[in-house]
Amino acid sequence: MIKKIIKKFATKNECTALLGDNIAYYYFTNHFIKNGRKNMIEYLPDEIIHPAVFLISTPTYQNIGDHALSIAELQFLEKHWNGLVYEITLDQLRDDYKKLHTLVNESDIICIQAGGNMGTEYLEAEVIRRKVIADFPENKIVSFPQTIFYGEKAISRILLMRSKKSYNKHKSLYLFAREEKSYNLMKQIYSKANVLFAPDIVLQAKFESNAETVRQESVLLCLRGDCESVVGENKKNEISNFITQLGYGVNTTDMSAPEAVCQDKREVTIVNKLNEFMANRLVITDRIHGMIFAALAGVPCIAISNYNHKVEEEWKIINRNYKGILFLKNIEDMNILFTGIENIMAKKSMKDLKPYSVNESEFNLLIKMFETGEK
């Protein structure tokens, strides 16, 4: 079954790479969890009103940051697009990809889910994106703000060349990078596509968190346990022990929900996570959306870089007009982290930190994509 699904989107040479641990894990932990899933045929109306926006590849899996991206995209489109928006999840796209051809006409805009999956780390997302770009050459396609990352392995170079060929062929492809390094790399690789900049789209989202949440004398650890983690269990224990010695409580969380999150559970899942952040004096995280959630909640944060550039580069954008985040390139010297914890917990100004306020002008180029008559 897994081979069948992957071969719908990949050539023979890519199947070997796609059947690696990354995709196999994703498939077996998510594909069979069907609570809340709807077949694309049942979910969409019989008649599509054109021109429309099709927002594709949205999640129904556990990653809360990705669900925040989807909510942010839908809010953005509601505000800046005059027509209807039809959402098609990644599950629905897998199950019924051919149906997309019968739904979309040339007047429609196809929007692809934002995130950090452009490149080789999340191969299925990259292969599906490339197929959509190849299959809809006459449509305007907007890839919401992304981080791009290609590793050093031979398969990375093969996949890079294939994506490069597909992306550069399209006449009306708009790739948005959410930080400077990705912008420069996209400009270099996809020289014939329209490469533009907009920050992580969650930064402009509005979530109704509980303003009356009582802030405890505690620190929240939101640290990865997946392939992107650079903070091992020993260091996690050292951090917890140090905080306890200072006399503060330690709470732990992650940006992954305990089970798959269907579309109608997204907002409550995100709000609950924001409330969890707001209940602490400090957040320590190596997740980009852990950092962003802390900023939106107005909670001081120590952000630790992960294996690629996305946390550091997005921090640079947020740091222009928000000073509630201490960024650490690495924590090889734990004393730097410990000093940061002590300083933040001692500063009165950090107790009265206001939530991050977005600079709307940074999204002007993305807004322009949805103005009537633009193509």
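## Close-up views of a predicted model

**View A. Helix H8 passes helix H9 in a left-handed crossing.** Left-handed here says that the near helix is turned anticlockwise from the far one by less than a right angle, with clockwise giving a right-handed crossing. Everything shown is a predicted model, with local features needing pLDDT of at least 70 and side-chain atom pairs counting only at pLDDT 80 or more, while totals for chains, interfaces and linings use all residues. Residues are numbered from 1 along each chain as its sequence is written, and side-chain values use heavy atoms, leaving out hydrogens and water. Helices (H or I, at least four residues) and strands (E, at least two) are DSSP runs, numbered from the N terminus.

H8 covers residues 123–135 and H9 residues 154–169; their axes come within 9 Å and cross at roughly 25°. Axes are lines fitted to C-alpha atoms, for helices over the stretch in contact, and angles run from 0 to 180 degrees between N-to-C directions. On the H8 side, Leu 123, Glu 126, Arg 129, Arg 130, Ile 133 and Ala 134 meet Leu 159, Arg 162, Ser 163, Ser 166 and Tyr 167 of H9. Sorted by class, this contact of H8 with H9 has 5 nonpolar, 2 polar and 4 charged residues. Contact is heavy atoms within 4.5 Å; Ala, Val, Leu, Ile, Met, Phe, Trp, Tyr, Cys and Pro count as nonpolar, Asp, Glu, Lys and Arg as charged, and the others, Gly among them, as polar.

**View B. Lys 165 sits in H9.** With 56% relative accessibility, Lys 165 counts as exposed. The cut-offs are under 20% relative accessible area for buried and over 50% for exposed, with partly exposed in between (1.4 Å probe, protein chains only). Ile 189 is 24 residues away from Lys 165 in sequence, and the two are 9.6 Å apart in space, C-alpha to C-alpha.

**View D. Helix H14 (residues 310–318) is largely enclosed by the rest of the structure, because 8 of its 9 residues are buried.** The buried ones are Lys 310, Val 311, Glu 312, Glu 313, Glu 314, Trp 315, Ile 317 and Ile 318. Their cover includes strand E5 (140–149), helix H10 (180–189), strand E7 (194–197), H13, strand E11 (301–304) and strand E12 (325–328).

The axes of H13 and H14 come within 9 Å and cross at roughly 25°, so this pair is roughly parallel. Ile 288, Met 291 and Ile 292 in H13 meet Lys 310, Val 311, Glu 314, Trp 315 and Ile 318 in H14. The class tally for that contact is 6 nonpolar, no polar and 2 charged residues.

**View E. Helix H5 (residues 64–80) packs on helix H12 at about 115°, with the axes 10 Å apart.** H5 passes H12 in a left-handed crossing. Ile 64, His 67, Ala 68, Ser 70, Ile 71, Leu 74 and Gln 75 of H5 meet Arg 266, Glu 267, Thr 269, Ile 270 and Lys 273 of H12. Those residues split into 5 nonpolar, 4 polar and 3 charged. Met 278 is also in H12, which runs over residues 266–278. Met 278 is buried, at 11% relative accessible area.

**View F. The peptide bond from His 50 to Pro 51 is cis, with omega near -5°.** Pro 51 is in the loop between helix H4 (40–43) and strand E1 (53–58). In E1 itself lies Ser 57, with a positive phi of about 70° despite not being a glycine. Most residues other than glycine have a negative phi, and most peptide bonds are trans. Ser 57 counts as buried, at 15% relative accessibility.

Conventions
Parallel < 35°, antiparallel > 145°, perpendicular 65-115°, else oblique.
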